[in-house]
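Me: Got a model open here and a few things to ask about it. Can we go through it piece by piece?

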Amino acid sequence: MKNKKETDVFQLWDEHRGKIRSRKGGWLIGKGVLCHGYDMMEDLVGKYSYFQVLILNATGRMVEKRVADWFEAIYICLSWPDPRIWCNRVGALGGTMRSSPVAATVAGILAGDSKAYGQKPLVEGLNFIQSALAEKKKGLSTRDIVAAECSRHGGKPQIMGYARPIAKGDERIVAMEKVAGDLGFPVGEHLELAYEIERVLAEEFDESMNINGYMSAFLSDQGFTPQEVYRICAILVASGVTACYIDAFERPPETFLPLRCEDMEYQGPPPREVPPREKS
Amino acid sequence: MKRRVERRSEAFALRTVTRIWEEQASEENPYLADSCRCYGYDLLDLMEKRTLVEVLFLLLRGELPSAQEARLLESLMIALINPGPRHPATRAAMIAGVGKTDPAHILPISLGILGGSHLGADSIEGAIRFLRKHMKSDPGSVACQVMETNQRPKEGDWHPVPGFGSRFGSIDSYSREIADRLLSLVDSAKALSWGNAFADELRIYQLGWLPTGIAAAVFSDLGFHPRAGAGLFQLISAPGLLAHGLEQANKPLTSLPFPSDEEYILEK
């Protein structure tokens, strides 16, 4: 190992001590607010959409308005006010317990940071379709790609972006296909492959693409990385959570799915005496 | 392709099942419990006869701890009760406090920050799994393997495996002292002992125990599932976070440093 002088060891932290360095922007008091090189009040407010600025903050890039409009539409698609959905149920539980709307909404957003649904599976969805396209370009057939992915899951069609819990089929894809068409987006190579994969899965397993698969492929065609999409979508489920919070909040406390004692099924040990503590 | 949406015939449970807690309904009102049992033990009896640490262990493991297990857990809880006022999670609590954020939010805010993978709860599960996988192997061989298969980053601290690494470029000797002290309290703590030997092997690379590694080793020795590690680590760190947040809550906004424009450096 390279020998360092003692002070060199923590020089990095000394360089940052008492200072904040930012590559994003900041408030220059009395002069203005900078946001990724833009003057926020002069250049952005009233001139760009909220979603363009959200994506700018998440990626450092100002995207064209139709990309931001597409994101706004998918935000609508992916958060609906049904408290049976897990993140929304967290919001409703916050409402019934009179949490603040911020606490309940944030709690619901956190619930969506899940391997099973919500924001996080988008990372796997984009990783899958991007690596699948790379494999396809190396000469693998779509059927081979599906077979390889299924073999990783014991032969089951558990490919991120395909099939979904509760229901078969996904009405959100139809809505987003229309949005993409209206905004003038062509079908790119990732989305083309996603449809091919869907055809194979439909033939072999009677399963179809879900909104994650559509979204991952579309956004891969737009040049987004998995982490960029995860960051843009951090608060994706917020509005449905808030709606469910309010619905429960506007009813008497603890009336959201109340449970009698008998509604829980106890399967633990039978009653037993607390033993005397052993001598240490 | 025509898209149809149909309900799947998934069989969801009709009732939630738990092995942890049994509530006996009162005769007057089925929503009220007139007795509660934790893994079969009456809660009121536990209040009288057991300590908080013992009941915490019971909740998470399903059985009451031995005297040595309780001692080890309680000592770890004291050792890690406060990440300290310089820790980013504690500073988040302080900012919530001084910012007059609802006091109910101090813990959720700071525990969220403590949930990160750098010196936080998100590294505990990996550290437990690392210890479980390697603690029957020679620590020297494992250290060699770790050094061969990982690359030191160009700048900043290096944690080649979860729970072990450098702190501000150096070995955190205080963590080592905590590990030694914990070991002196019990007859046997295999993961903790192995971790000490592993930390010895890492010393020449200026690496050693991290607080998260110690927590992971104790959790492993106490038989906690790796998945329990993140929440347990948050739980035992929570008192310090709360205390520091509340300390700031009655102070004016000017009580914490606010970097001047000269100290706020915009980089391209």
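Me: What does Ser220(B) touch, not counting residues up to four places away in sequence?
Reply: Ser220(B) touches Ile128(B), Arg132(B) and Ala191(B). Bear in mind that this is a predicted model.

Me: Which helix is Ser220(B) found in?
Reply: Helix H10 of chain B, residues 211-221.

Me: And is Ser220(B) buried or exposed?
Reply: Buried. The relative accessibility of Ser220(B) is 14%, and the cut-off for buried is under 20%.

Me: Zoom out to chain B. How many helices and strands?
Reply: Chain B has 11 helices and 8 strands. Its C-alpha atoms fill a box of roughly 65 × 65 × 55 Å along the principal axes.

Me: What share of chain B is buried?
Reply: 41% of its 268 residues. As for contacts between residues at least 6 apart in sequence, 63% of those in chain B join residues at least 24 apart.

Me: How is chain B divided into domains?
Reply: Into domain 1, residues 21-66, and domain 2, residues 88-248. Their centres, taken over C-alpha atoms, are separated by 31 Å.

Me: How many residues are in contact between those two domains of chain B?
Reply: 4 residues of domain 1 of chain B contact 5 residues of domain 2 of chain B. The area buried between the two is about 410 Å², with carbon and sulfur atoms giving 82% of it.

Me: Which residues on the domain 1 side of chain B lose the most area?
Reply: Phe57(B), Leu60(B) and Arg61(B). Together they account for 81% of what domain 1 of chain B buries against domain 2 of chain B.

Me: What about chain A, where are its domains?
Reply: The assignment for chain A gives domain 1 at 23-63 and domain 2 at 121-232. The C-alpha centres of these two domains of chain A lie 32 Å apart. In their contact, 6 residues come from domain 1 of chain A and 5 residues from domain 2 of chain A.

Me: How much area do the chain A domains bury between them?
Reply: About 450 Å², 66% of it on carbon and sulfur atoms. On the domain 1 side of chain A, Ala58(A), Thr59(A) and Arg61(A) lose the most area, together 67% of what that side buries.

Me: Next, Tyr38(A). Which strand is it in?
Reply: Tyr38(A) is in strand E4 of chain A, residues 38-39. Tyr38(A) is partly exposed, at a relative accessible area of 23%.

Me: What is Tyr38(A) in contact with, leaving aside its neighbours within four places in sequence?
Reply: Val33(A), Asp43(A), Leu44(A), Tyr48(A), Leu56(A) and Met62(A). Gly25(A) is 13 residues from Tyr38(A) in sequence, and the two C-alpha atoms are 8.5 Å apart.

Me: Helix H13 of chain A, residues 238-249: what span should it have?
Reply: With 12 residues at 1.5 Å a residue, H13(A) should span 16 Å. Its end C-alpha atoms are 16 Å apart, so the two values agree.

Me: Which residues of H13(A) are buried?
Reply: Ala238(A), Gly240(A), Val241(A), Cys244(A), Tyr245(A) and Ala248(A). Seen down the helix axis, the buried residues of H13(A) fall within an arc of 165 degrees, so they line one face.

Me: What does that buried set of H13(A) pack against?
Reply: Helix H5 (86-96) and helix H6 (101-111) of chain A.

Me: Switching to cysteines. How many disulfides over all chains?
Reply: The count is 0. For Cys77(A), the nearest cysteine sulfur is that of Cys233(A), 12 Å away, while a disulfide needs the sulfurs within 2.5 Å. Cys38(B) is in no disulfide either, with the sulfur of Cys36(B) nearest at 9.9 Å.

Me: Are Cys77(A) and Cys38(B) buried or exposed?
Reply: Cys77(A) is buried, with a relative accessible area of 12%. Cys38(B) is buried too, at 1% relative accessibility.

Me: Last one, the two chains. How much area do chain A and chain B bury between them?
Reply: About 5100 Å², 56% of it on carbon and sulfur atoms. The contact takes 60 residues from chain A and 57 residues from chain B.

Me: Which residues in chain A lose the most area to chain B?
Reply: Cys261(A), Arg272(A) and Val274(A), together 14% of what the chain A side buries.

Conventions
Residues numbered from 1 in each chain as written. Chains lettered and ligands numbered in written order. Predicted model: local features only at pLDDT ≥ 70, side-chain atom pairs only at ≥ 80, totals over all residues. Heavy atoms only, no water. Buried < 20%, exposed > 50% of the residue type's maximum accessible area, 1.4 Å probe, protein only. Helix = DSSP H or I, 4+ residues; strand = E, 2+ residues; numbered from the N terminus. Expected span 1.5 Å × (residues − 1). Arc of directions from axis to C-beta. Contact = heavy atoms within 4.5 Å. Domains from an automatic or database assignment. Buried area = accessible area lost by both parts, 1.4 Å probe.
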